[in-house]
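Open the structure in your viewer and keep the selection tool handy. We will go from stop to stop, picking a few residues each time.

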Amino acid sequence: MSGTDEQKQRFGTLAIHAGQEPEPVTGAIMPPIFQTSTYVQPGLGRHKGYEYSRVQNPTREALERNVAALEGGRHGVAFSSGLAAIDAVVKLLSAGDRVVSEENTYGGTHRMFTKVLSRLGIEFTFVDSRDPDQIRDAMRPETRLVHLETPTNPMMRLCDLRTAAEIAHERDALLCVDNTFASPYNQRPLELGADIVVHSATKYLNGHSDIIGGIAVLNEDRLTEDLLFIRKSSGGVPGPMDCWLCLRGTKTLHLRMEAHNRNGTAVARFLEGHSSVEATHYPGLESHPQHELALGQMSGFTGMVSVEMGSADRAKRFVEGTRIFALAESLGGVESLIGIPALMTHASVPPDRRAALGVTDGLVRLSVGVEDVNDILEDLERALEGA
Ligand code: P1T
């Protein structure tokens with residue numbers, strides 16, 4: 001499919017075809033796994049565009065073209081993990097530069113910013129990006145990057161991306177949005193003004209809980225070249241087999257996300273109405289304080305739901321009492337997962353910070369899978385009775 005054809009295609013068609021041509025030698029419809037570290041050069045200084053797999057790999061490039069198309073962007077740059085992608089984006093900056101970041105990101109992102117990248121002379125200011133004024137007030141002449149997550153992990157807070165993009169661009173800063181929770185099926189930040197979208201491809205993009213991967217999507221050629229240079233120099237590339245698995249995953253992204261959106265909504269409504277649950281956080285609920293914004297910038301609300309159980313004991317009994325929901329870190333796979341962020345994915349965030357965000361020991365996060373919704377709801381009902 002040519003680039004111009006792709007511009008006309010709709011999401012489900014892009015998911016299956018974008019970035020992939022039948023392999024020219026045999027006609028294989030699936031892109032081969034180019035499981036090779038190097039490429040033979042017919043003579044010194046002569047090669048076919050492929051020298052070494054840290055720099056170029058055809059399977060990885062197929063994944064990059066595919067996800068770029070899904071995000072409505074021009075370039076994809078794949079990484080060995082979501083954190084490797086975010087790390088590379090921050091490395092576009094230099095010592096003395098500043099980042100304004102949403103305060104409620106994935107715990108590992110917060111750990112990388114505060115414990116690793118800040119040691120290299122990059123300064124981080126954390127804000128509640130639900131309030132655009134907090135972003136605006138935190139901007140300094142040295143601020144080069146605004147890093148947002150929306151919905152946030154695990155509180156499901158939203159940031160108005162159109163406004164955030166305006167604020168960042170007024171000050172000549174880049175806007176990077178972690179779109180892991182929404183997936184490009186539900187939200188396309190580049191179309192709302194972001195410069196860079198990052199994903200933990202480990203989650204919805206791959207969708208089958210069998211790889212760790214990351215990807216950044218951009219429009220600007222110059223910025224893409226800079227990011228490719230950082231990846232080539234730092235080396236956080238994914239292997240060809242993982243790229244191929246992710247590419248197989250993205251072929252069904254639209255089908256899976258429809259089912260996640262449907263089951264997520266059913267679970268959120270069920271939990272909101274349950275007497276054992278104190279609060280339910282899901283942008284698709286009318287009771288979510290930013291529901292209007294959700295309707296304005298998302299087309300679906302995913303399978304991610306968080307609930308406040310009121311105490312650590314009740315949360316523990318709930319997550320240990322489910323049978324279909326497996327107690328595990330991660331999210332976005334076809335199978336349902338459940339966990340306690342304060343003890344698992346956000347354990348690296350200091351306790352006082354967690355408390356301020358609402359990431360209490362009683363907060364339970366669910367990644368609602370695509371099993372039969374009746375079995376999912378029965379599982380939750382039974383576990384809540386035990387809690
Ligand atoms: O695990 P990795 O592929 O490196 O992705 C990191 C990451 C980045 N951004 C968001 C929003 C994430 O949720 C994650 C990883 N999150 C989990 C492992 C989790 O269970 O929340």
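Predicted model: local features only at pLDDT ≥ 70, side-chain atom pairs only at ≥ 80, totals over all residues.

Start by selecting Y39, which is buried at a relative accessible area of 15% (buried means under 20% relative accessible area, exposed over 50%, partly exposed in between, with a 1.4 Å probe and protein chains only).

Residues are numbered from 1 along each chain as its sequence is written, and side-chain values use heavy atoms, with hydrogens and water left out.

**Aromatic pairs**

How many aromatic pairs does the structure hold? There are four (rings of Phe, Tyr and Trp, the last by its six-membered ring, pair if their centres lie within 6.5 Å; planes under 30 degrees apart count as stacked, over 60 as edge-to-face and the rest as tilted). Helices (H or I, at least four residues) and strands (E, at least two) are DSSP runs numbered from the N terminus. Both F11 and Y185 are buried.

Now return to Y39 and Y50: their ring centres are 5.5 Å apart and the planes stand at 45°, so the pair is tilted. For a further stop, select F113, F124 and F126, which ring pairs link into a cluster.

**Strand β2**

Next, select residues 98–102, strand β2. Five of the five residues are buried, so β2 is largely enclosed by the rest of the structure. On one side you will find R98, V100 and E102, and on the other V99 and S101.

Which strands does β2 pair with? Five bridges join β2 to the parallel strand β3 (residues 123–127), and four join β2 to β4 (residues 143–149), also parallel (two strands pair if DSSP finds at least two bridges between them). Centre on V100: T125 stands opposite in β3, and V146 is the bridge partner in β4.

**Cysteines**

Finally, select C176, which is buried at 0% relative accessible area. The structure holds zero disulfides (pairs of cysteine sulfur atoms within 2.5 Å). For C176, the nearest cysteine sulfur, that of C159, is 12 Å away.
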